[in-house]
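Trainee: Before we look at anything in detail, could you show me how to read helices, loops and the burial of residues in a model like this one?

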Amino acid sequence: MPDTVFITGGSRGIGAACVHAFSNAGWNVAFTYLANRELAGVLAEQTGAIALCADLSDDKAVCRAAAEAASHFGSVDAVVCNAGIAEQKQFQDITDADWQRMLDVNLMGAVRTIRACLPDMLHRKRGSIVTVSSVWGQAGASCESHYAASKAGLIGLTKSLALELGPSGIRVNCVAPGVINTDMNAMHSADTMRQLAEETPLGRIGTAAEVADSILYLCSERASFVTGQVLGVTGGF
């Protein structure tokens, strides 16, 4: 029986690339989306995945989606915590509400997702969890301090859970993408994107598929002795 992956934020960008990558590799795939039901439906039809509507800031919604994925496929073997938001603001202009929303989706969304899927993994003493952080969570980001802080929190969560869950046979790793050609980076001007490409040693912007391939590797048995790691998919940035 194929393994099953539960992907959050799977309707576009890196998440959608993950849906395609895992499906092409023969996995059962369940993914969450928030607003674009039509886009999610098309992706599900293309890949054979199941699309589940869930707001990652709502604990009950996350639990329902995870339970539906497990019920549909029998179990969840891997979790990809990909859903996230971004925003550019100077530090002094970031409100408490801005901070709360950023942390609630980017960091607590991953906490809720892992918490919903973990009991069955602990029972079966197997599983893989991958969080999606960012190079900005490692290096910091001007005018995106709340985003960078939320992504840095994911790295701390990943390393801590790798230590805690390793004895139960559960691996926990993190992917930290660099500048990737996704909708999230549409906030940047064309000039900014060209500059970022020039600052990248490989001389270009990365693709969502390249990040998805790294996530697939970390979830697979090829990475069976890899845990607690942060894999930078950055082009050397």
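This is a predicted model: local features need pLDDT of at least 70, side-chain atom pairs count only at pLDDT 80 or more; totals for chains, interfaces and linings use all residues.

Trainee: Which residues of α1 are buried?

Mentor: A residue counts as buried when its relative accessible area is under 20%. By that cut-off α1 is mostly covered, since nine of its 12 residues are buried. They are Ile 14, Gly 15, Ala 16, Ala 17, Cys 18, Val 19, Ala 21, Phe 22 and Ser 23.

Trainee: And what covers the buried residues of α1?

Mentor: The cover includes the strands β1 (4-7), β2 (28-33), β4 and β6, together with the helices α2 (37-47) and α9. After α1 comes Gly 26, which has a positive phi near 95°.

Trainee: How does the length check work out for α9?

Mentor: Helix α9 (residues 208-219) also has its span checked: at 1.5 Å a residue its 12 residues should span 16 Å, and its end C-alpha atoms are 17 Å apart, which agrees. Its buried residues are Ala 208, Val 211, Ala 212, Ser 214, Ile 215, Leu 216, Leu 218 and Cys 219. What covers them includes α1 (13-24) and the strands β4, β5 (127-132), β6 (170-177) and β7 (230-233).

Trainee: How should I describe two helices that pack against each other?

Mentor: Two packed helices are described by the angle between their axes and by the distance between those axes. Here, the axes of α5 (residues 108-124) and α7 (residues 145-165) come within 13 Å and cross at roughly 15°. An angle under 35 degrees counts as roughly parallel, and α5 and α7 are therefore roughly parallel to each other. The crossing in which α5 passes α7 is right-handed.

Trainee: Which residues make the contact between α5 and α7?

Mentor: On the α5 side they are Ala 110, Val 111, Ile 114, Leu 118 and Leu 122, and on the α7 side they are Leu 154, Leu 157, Leu 161 and Leu 165. Sorted by class, this contact has nine nonpolar residues, no polar ones and no charged ones. As a general idea, an α-helix has 3.6 residues a turn, so residues three or four places apart point the same way.

Trainee: What do we find for α4 and α5?

Mentor: The axes of α4 (residues 96-106) and α5 come within 3 Å and cross at roughly 30°, and these two helices are therefore roughly parallel to each other as well. Leu 103, Asp 104, Val 105 and Asn 106 of α4 meet Met 108, Gly 109, Ala 110 and Arg 112 of α5. By class, the contact of α4 with α5 has four nonpolar, two polar and two charged residues.

Trainee: Where is Lys 125, and what is its phi?

Mentor: Lys 125 is placed in the loop between α5 and β5, and it has a positive phi of about 55° although it is not a glycine. With a relative accessible area of 55%, Lys 125 is exposed. Cys 143, in the loop between α6 (135-139) and α7, is likewise not a glycine and has a positive phi of about 65°. Its relative accessible area is 34%, so Cys 143 is partly exposed.

Key: Residues are numbered from 1 along each chain as its sequence is written. Side-chain values use heavy atoms; hydrogens and water are left out. Axes are lines fitted to C-alpha atoms, for helices over the stretch in contact, and angles run from 0 to 180 degrees between N-to-C directions. Helices (H or I, at least four residues) and strands (E, at least two) are DSSP runs, numbered from the N terminus. Angles under 35 degrees count as roughly parallel, over 145 as roughly antiparallel, 65 to 115 as roughly perpendicular and the rest as oblique. A crossing is left-handed if the near helix is turned anticlockwise from the far one by less than a right angle, and right-handed if clockwise. Contact means heavy atoms within 4.5 Å. Ala, Val, Leu, Ile, Met, Phe, Trp, Tyr, Cys and Pro count as nonpolar, Asp, Glu, Lys and Arg as charged, and the others, Gly among them, as polar. The expected span of a helix is 1.5 Å times one less than its number of residues. Buried means under 20% relative accessible area, exposed over 50%, partly exposed in between (1.4 Å probe, protein chains only).
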